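Biologist: I am new to this structure. Please show it, and then I will ask about a few places in it.

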Amino acid sequence: MTTDNLLGNLKELQAKALDDLNGSSSSEAVEQWRVTYLGRRGELTQVLRGLANLAPEERRIVGAAANTVKSLLEESLAAAEEAIKTAALQALADQGRIDVTLPGRPIPLGRLHPTTQILREICSAFVSMGFQVVEGPEVEWDHYNFEMLNIPKDHPARDMWDTLWIDHVDEQGERPMLLRTHTSPMQIRIMAHARPPVRVLGPGKCHRSEATDATHESQFYQVEGLAVDEGITFADLKGTLFEFARLLFGADRKVRFRVDYFPFVEPGAEMAIDCFACKGEGGSCRVCKGTGWIEIMGAGMVNPKVLEGVGYDSSKYTGFAFGMGSERIAMLKYGIEDVRLFYSNDLRFLAQF
Ligand code: 2NL
């Protein structure tokens, strides 16, 4: 066959194909058309295969023409498919079934509650320093919540926590069950079952019988931590908590420790960071109320009486412990001014995190 004949055949093929496509008005017909002309055994493919038998000069000319036809057919196919889709939508619209001009409905995305986010952030800071996360019951025994923490019955220190008691009286006429006021009882449970070294972190919900205001909720989350081993000193406490403050509030944070009292530690301390809002300047700063410092948690060396209570030899082992209110940490970090926002389920608040 001469080059002219081949080019003539291509032209004919192109005309026939386009004519055929014009007559294909369903997606099935268009698909059949694609198989006939562009498929692996299609007519154009046969022509392209035949190129191999031609002389190089012929192959160049016929090949170029065949490729042009191929592109044209592919473009026409895409246009035909699009036209069929549009026609189908238009048909639905004509029947009044859908308005294709309406914008799509937005799909609202869920998100993690700010408390969950801050708990995860606090936990991962301590996990990176080798602490293990443990969780325990919200309904606790007086034994674990108070007695084992060196807060005996009728001790004035119990007034530090306004406790919600479970309405259950035992044989001795006492109420032994309560809603935990802190997550320390879980750490007592761990110590009672494991030997040092112990490095645990206890996040969880706590309860107090308290009037609610901008800084107090009757339900709140706390994260407590505990490290017990041979040779643990106050320097370990300071180093660990300093690193935590830097991880959560920025690498340029300074920390301040002042004496405080908790029955389960001796000595006890309150830790503050320099105000990240005013950089410790104070003045009229709202975040630190002009002091330049923000108190973020209580801490101390575990009271030897607590260690002896779980069967640890307090002449061999020492430890440090700390506790912080998670909502307070989130309020400082995100600039939230009222703790009641956390649990009032207002999406205008929650959607900001
Ligand atoms: C605070 C103070 C603190 C602890 C919690 C603790 C736990 C065990 C033994 C000794 Cl098992 N101490 N926890 C120690 C010091 C302070 O929390 O005001 N938290 C919001």
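Modeller: The questions below concern a predicted model.

Biologist: Is His182 buried or exposed?

Modeller: His182 sits in the loop between β3 (177–179) and α7 (184–193). Its relative accessible area is 2%. Buried means under 20%, so His182 is buried.

Biologist: Which residue has its backbone oxygen 2.9 Å from a polar atom of the side chain of His182?

Modeller: Leaving aside residues up to four places away in sequence, His182 touches Asn145, Leu149, Trp161, Cys206, Gln222, Glu224 and Phe264. The backbone oxygen at 2.9 Å from the polar side-chain atom belongs to Asn145.

Biologist: Are helices α1 and α2 roughly parallel or roughly antiparallel?

Modeller: The axes of α1 (residues 3–22) and α2 (residues 27–38) come within 10 Å and cross at roughly 165 degrees. Angles over 145 degrees count as roughly antiparallel, so α1 and α2 are roughly antiparallel.

Biologist: How many nonpolar residues are in the contact of α1 with α2?

Modeller: Leu13, Lys16, Ala17, Asp20 and Leu21 of α1 meet Val30, Trp33 and Tyr37 of α2. By class, two of the residues in this contact are charged and none is polar, and the nonpolar ones number six.

Biologist: Is Asn345 buried or exposed?

Modeller: Asn345 lies in the loop between α10 (326–334) and α11 (347–350). Its phi is positive, near 55 degrees. The relative accessibility of Asn345 is 64%. The cut-off is over 50%, so Asn345 is exposed.

Note on methods: Residues numbered from 1 in each chain as written. Predicted model: local features only at pLDDT ≥ 70, side-chain atom pairs only at ≥ 80, totals over all residues. Heavy atoms only, no water. Helix = DSSP H or I, 4+ residues; strand = E, 2+ residues; numbered from the N terminus. Buried < 20%, exposed > 50% of the residue type's maximum accessible area, 1.4 Å probe, protein only. Polar contact = N/O pair within 3.5 Å; in protein donor to acceptor, adjacent residues only side chain to side chain. Contact = heavy atoms within 4.5 Å. Axes fitted to C-alpha atoms, helices over the stretch in contact; angles between N-to-C directions. Parallel < 35°, antiparallel > 145°, perpendicular 65-115°, else oblique. Nonpolar A, V, L, I, M, F, W, Y, C, P; charged D, E, K, R; others polar.
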